[in-house]
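Have a look at it first, then read on.

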Amino acid sequence: MYRYDQYDRQIINERVAQFRDQTQRYLAGEITDEQFLPLRLQNGLYIQRLAPMLRICIPYGTLNATQLRKLAEISRKYDKGYGHFSTRQNIQLNWPKLEEVPDILEDLATVEMHAIQTSGNCIRNFTADQFSGVAQDEIEDARPWCEILRQWATFHPEFAFLPRKFKIAICGSKRDRAAVAFHDIGLEIIKDAQGETAFKVFVGGGLGRTPVIGALIHDCLPKEHVMSYLDAILRVYNQLGRRDNKYKARIKILVKAMGAEAFKQKVEEEWAHIKDGPMTLTQEAIDHAFTFFQPPAYEAIDAAAAQSALDDQRLTDPRFAAWLSHNVVAHKQPGYAIVNVSLKETGFAPGDITAEQMEAVAELSEQYGFGELRSTHEQNLVLPDIRKTDLFAVWQKLDALRLATPVIGTLNDMICCPGGDYCALANAKSIPVAEAIQRRFDDLDYLYDLGEIELNISGCMNACGHHHIGHIGILGVDKKGQEFYQVSLGGSQSNDAAIGKILGPSFAQDEVPEVISKLLETYVANRTEEERFLDTYRRIGIEPFKERVYA
């Protein structure tokens, strides 16, 4: 992973001191709420329903054991002993005291972490495929490109106060695991006709009040121009994006209003002024970024023998076999595997993890891997480099920690925002709905028979739970002061990007599990062999589901 140099450390330490002074002046009454708002937001500090919330940056979802231990220590010292992983691969503290936030930032700086630009109208955290560097279907590791662009975007003076927040994702694998089509800018790594790295560039994607699939405006951008081209996109948006209405200020609204071709033309005109200038990436600069992301010192493992032993272990314990089938992913290195650490134990908010669990997972990453971890936008963690011969031992320890729930990719591996329990913007609670569904469908055999289903829950139209792109999406809405839930079907966050279609009138909270049950019954009754929920929906349409639910 990227390691700070002396300039990075100096910049971060100066920023901590700056925010400490701003916070002290605010608490002393020398700065108004309005003046403090943009200052705290660009340091990741929100004011939520019951307490402040601090969003800590995990660039492209990569962190190490030392950093995870520090997060555990901070959550125990300054919060209530747990953290919440979000859909932007960041971690949030829900109960910090305002006056102690500078102390938290100072502690984070000791392990090369911060909360800069995790909020505010600026370029937010870059996200990537959580299996970057280890995926079997990888074209090229996305993390070095994320790091190059992170350094370009951090503290960029021209883009510090954009019309609205701005999110960028990069995917370097054949399967899109970063939802690139639903970002303000999505980059897909490809190889050009000469075998050189290039990018497909998607612009104007996003969720929220107006969900939009991003438009492809460049189908083969040479790698040396990626920084200047993105700079041109941001310049056009900064100049032409609306600032009179925050609900119409995202770049997706601008692209839709102008049309993708007209927007592309503006970008090309702006790019002409800066192309081949100082922002052109040299091979030396690219190579330097890649030096931080070299493969670790893998052992030479007899892959056939390791697999044979694993097959024998699989037969000894059906619970281990279930975990192996659902939470373990193939690795590009023979003899190794990728382990998904499930943060979806029933009874706990999806994405939540205790300080004790953080410390234990950090220990596992060092004992059985290379001390590296990943956070995912599905609100789980990943141990990217585990020897197949260690999988049984890792499973036993994760199981004891309640972090081995074998539901990855199933209905109960749901994305869920904090909702009305925490967020001041929420119309309804999300966490109780998630738990009710998990408890209703707690039969693993039934879950496995249903196959791949993505269920996403948001507490409001801001769509932090990505409900628009779930195979089944649930949105909390307010009806005359009462919490109701709107259901949508047919969304997809992968290569076949799609936005879900609303089923019909909303439901009371206690009706939601039964509604989901009826949707699943309709799927089972109509599916063909090996057909996923999404496939069946696309084949038969929404009407059979609607008829069953509202009969």
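## A tour of the model

Q379 sits in the loop between β14 (372-375) and β15 (381-387); strands here are DSSP E runs of at least two residues and helices are H or I runs of at least four, numbered from the N terminus. This is a predicted model, where local features need pLDDT of at least 70 and side-chain atom pairs count only at pLDDT 80 or more, while totals for chains, interfaces and linings use all residues. Residues are numbered from 1 along each chain as its sequence is written, and side-chain values use heavy atoms, with hydrogens and water left out.

Back to Q379: its phi is positive, about 70 degrees, although it is not a glycine. With a relative accessible area of 1%, Q379 is buried (buried is under 20%, exposed over 50%, partly exposed in between, using a 1.4 Å probe and protein chains only). One of its contacts is S86, which also touches Q92, T376 and H377, leaving aside neighbours of S86 within four places in sequence; contact means heavy atoms within 4.5 Å. S86 itself lies in the loop between β4 (82-85) and β5 (91-93) and, at 10% relative accessibility, counts as buried.

K480 is another non-glycine with a positive phi, about 55 degrees. You'll find K480 in the loop between β18 (472-479) and β19 (482-489), and it is exposed.

Here's how some residues score on accessibility:

| Residue | Relative accessible area | Class |
|---|---|---|
| Q379 | 1% | buried |
| S86 | 10% | buried |
| C220 | 28% | partly exposed |
| K480 | 86% | exposed |

What about disulfides? A search of the whole structure turns up zero of them, a disulfide being a pair of cysteine sulfur atoms within 2.5 Å. For C146, the nearest cysteine sulfur is that of C171, 9.8 Å away. C220 is in no disulfide either, and its nearest cysteine sulfur, again that of C171, is 16 Å away. C146 is buried, at 0% relative accessibility.

Now zoom out. The protein has 18 helices and 21 strands. Its radius of gyration is 23 Å, close to the 24 Å that the globule rule gives for 551 residues, so it is as compact as a globular protein of that length; the radius is taken over C-alpha atoms, and the rule is 2.2 Å times the number of residues to the power 0.38. The C-alpha trace spans about 60 × 60 × 55 Å along its principal axes. Of the 551 residues, 59% count as buried.
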